[in-house]
Amino acid sequence: MTKLSIKPHKPIILASTSKIRAQLLKKTGLNFVIKNSFIDEESVRKSITNKNITKLAKVLACAKAKKISDAFPNAYTIGADQICSLNKTILDKPLNKINANKQLKILSGKTHKQTSAICIYHNGKILWSHVEEAYMTMHKLNNEEIKAYILLDKPYQSCGSYKFESYGQHLFSKVVGDSFTIQGFPIISLLKQLRKYKLYSLIKN
């Protein structure tokens with residue numbers, strides 16, 4: 001059976017190359033396109049004097065969306081960013097096995113936070129922005145468990161070195177927060193705003 005899609009009243013662009021964000025938005029049935037903003041995230045981070053993690057996540061999400069919105073003003077552009085942190089220490093994507101091992105050892109037995117920011121831009125201007133947080137308590141993991149998990153999931157592109165949507169769920173003893181937030185895309189809050197701006201309808205005209 002062919003899955004029906006929902007055509008929005010205006011073009012929707014996802015300013016992200018994250019596979020999980022694209023998958024989550026695709027599951028809603030909405031038609032959209034993906035554009036990479038190619039922003040220099042490190043330069044954006046250095047430009048922020050206040051190192052508040054909530055602010056940083058929102059600024060990064062908005063920077064991605066604005067760049068695409070400036071180029072495609074007629075579309076509604078969605079920007080998103082996620083920051084994994086333990087206290088004030090930010091844990092970026094590990095990119096390789098060695099860094100993933102180090103990060104999981106740091107998080108083992110502790111409670112850390114996932115901060116997810118999301119926004120909508122139109123015609124180069126912000127319409128809405130939002131931040132959600134989730135608190136994750138990891139089991140006390142031994143070296144063999146960490147190595148086995150990394151081999152299973154290869155979480156090299158995931159903040160915190162785990163894929164919660166996959167085998168990463170086995171690593172936690174307690175989670176306070178929404179699973180969409182943990183995956184870096186607060187989609188219920190996003191859909192509420194898309195509905196508010198009447199960008200789509202489940203009723204076919």
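Aromatic pairs come to two in this predicted model, counting rings of Phe, Tyr and Trp (its six-membered ring) whose centres lie within 6.5 Å. In one of them, the ring centres of Tyr162 and Phe172 sit 4.9 Å apart with the planes at 75°, so this pair is edge-to-face (over 60 degrees; under 30 counts as stacked and the rest as tilted). It ties together distant parts of the chain, ten residues apart: Tyr162 is in the loop between helix H5 (143–153) and strand S7 (172–176), and Phe172 is in S7 itself. Helices (H or I, at least four residues) and strands (E, at least two) are DSSP runs numbered from the N terminus. Tyr162 and Phe172 are both buried (under 20% relative accessible area, 1.4 Å probe, protein chains only). Phe164 joins Tyr162 and Phe172 in a cluster linked by ring pairs.

Now for the pockets. The largest pocket has a volume of about 920 Å³, and 34 residues line it. Ser18, Arg21, Lys93, Gln157 and Ser158 are the lining residues nearest its centre. A pocket here is an open set of points on a 1 Å grid where a 1.4 Å probe fits, with protein on both sides within 12 Å along at least five of seven lines; lining residues have an atom within 4 Å of a point. Helix H1 (19–27), helix H2 (41–47) and strand S3 (76–86) each supply at least two lining residues, and H1 gives the most, with four.

Residues are numbered from 1 along each chain as its sequence is written. Local features need pLDDT of at least 70 and side-chain atom pairs 80 or more, while totals for chains, interfaces and linings use all residues, and side-chain values use heavy atoms, without hydrogens and water.

Key:
Buried < 20%, exposed > 50% of the residue type's maximum accessible area, 1.4 Å probe, protein only. Points joined across faces, edges and corners; volume = space filled by probe spheres on them.
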